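Q: I am new to this structure and would like to learn how to read it, feature by feature. Could we begin with how strands come together, and go on from there?

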Amino acid sequence: MSEVTRARVDAWTWAVRLFPTRSAAGAACKAGHVRVNGERAKPATMVVPGDEVHVRGGERERIVVVQRTVVKRVGAPVAVACYLDRSPAPPPKEHIAAGTRDRGAGRPTKRDRRLIERLRGH
């Protein structure tokens, strides 16, 4: 395992398995989906132990505090030891399933669509 004192944020987020590929981590940084200590992070932004990294992606936001810096991809048990997860709990499955329709029910009407959006909180 390659441990250093500082690491690029795109390499670190990929190494601890917050992103599936290094290019996806870099693209997320460029798009503004990664913040380090509250500031928008470029791919080359350096992280050190103690930094707080916010990653937006998928359905939920991840908030992690850097414990150890690594630049090579590590296994899942080692990756979890490299950060402290302070992410909010994922929404309950009932909220995710709200607004799903039975298969074969056809296209939703305007009224159905508005009810679905209301259930999802939009």
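A: Let us start with two definitions: two strands pair if DSSP finds at least two bridges between them, and helices (H or I, at least four residues) and strands (E, at least two) are DSSP runs, numbered from the N terminus. As for the origin of what you see, this is a predicted model, in which local features need pLDDT of at least 70 and side-chain atom pairs count only at pLDDT 80 or more, while totals for chains, interfaces and linings use all residues. Residues are numbered from 1 along each chain as its sequence is written, and side-chain values use heavy atoms, with hydrogens and water left out.

Q: In what order do the 5 strands of the open sheet stand?
A: In general, strands of a sheet pair through backbone hydrogen bonds, either parallel or antiparallel. Here the order across the open sheet is β4-β3-β6-β7-β9, and the pairing is antiparallel. The edges are held by β4 (39–40) and β9, each of which has a single partner strand, so one side of each is left without a neighbour in the sheet.

Q: Which elements does the protein have along its sequence?
A: The secondary structure comes to 5 helices and 9 strands, and from the N terminus on these run β-β-α-α-β-β-β-β-β-β-α-β-α-α.

Q: Which two rings form the aromatic pair, and how are they set against each other?
A: Rings of Phe, Tyr and Trp (its six-membered ring) pair if their centres lie within 6.5 Å, and planes under 30 degrees apart count as stacked, over 60 as edge-to-face and the rest as tilted. The structure holds 1 aromatic pair. In this pair Trp-12 and Tyr-83 are edge-to-face, with 6.4 Å from centre to centre and 80 degrees between the planes. Trp-12 lies in helix α1 (residues 9–15) and Tyr-83 in strand β9, so the pair ties together parts that are 71 residues apart in sequence.

Q: Are Trp-12 and Tyr-83 buried or exposed?
A: Buried means under 20% relative accessible area, exposed over 50%, and partly exposed in between (1.4 Å probe, protein chains only). By that reading Trp-12 is buried at 0%, and Tyr-83 is buried at 13%. Over the 122 residues of the protein, buried residues make up 31%.

Q: How many salt bridges does a search of the whole structure find?
A: Side chains of opposite charge can pair when their charged atoms come close, and a salt bridge is a side-chain nitrogen of Lys or Arg within 4 Å of a carboxyl oxygen of Asp or Glu. The search finds 4 salt bridges. One of them joins Asp-85 and Arg-62, at 3.2 Å from N to O. Asp-85 belongs to strand β9 and Arg-62 to strand β7, so this pair ties together parts that are 23 residues apart in sequence. Asp-85 is partly exposed at 39%, and Arg-62 is partly exposed at 22%.

Q: What separates Glu-117 and Arg-113 in helix α5?
A: Glu-117 and Arg-113 form a salt bridge whose closest N and O atoms are 3.5 Å apart. They are 4 residues apart in helix α5 (residues 110–120), which means that about one helical turn separates them.

Q: Which residues are linked in a network of salt bridges?
A: The network links Arg-8, Asp-10 and Arg-22. Within it, the closest N and O atoms of Asp-10 and Arg-8 are 3.1 Å apart; Asp-10 is buried at 5%, whereas Arg-8 is partly exposed at 33%.

Q: How many disulfides does the search find?
A: A disulfide is a covalent bond between the sulfur atoms of two cysteines, and here the term stands for a pair of cysteine sulfur atoms within 2.5 Å. The search of the whole structure finds 0 disulfides. Cys-29 is buried at 2%, and Cys-82 is buried at 0%.
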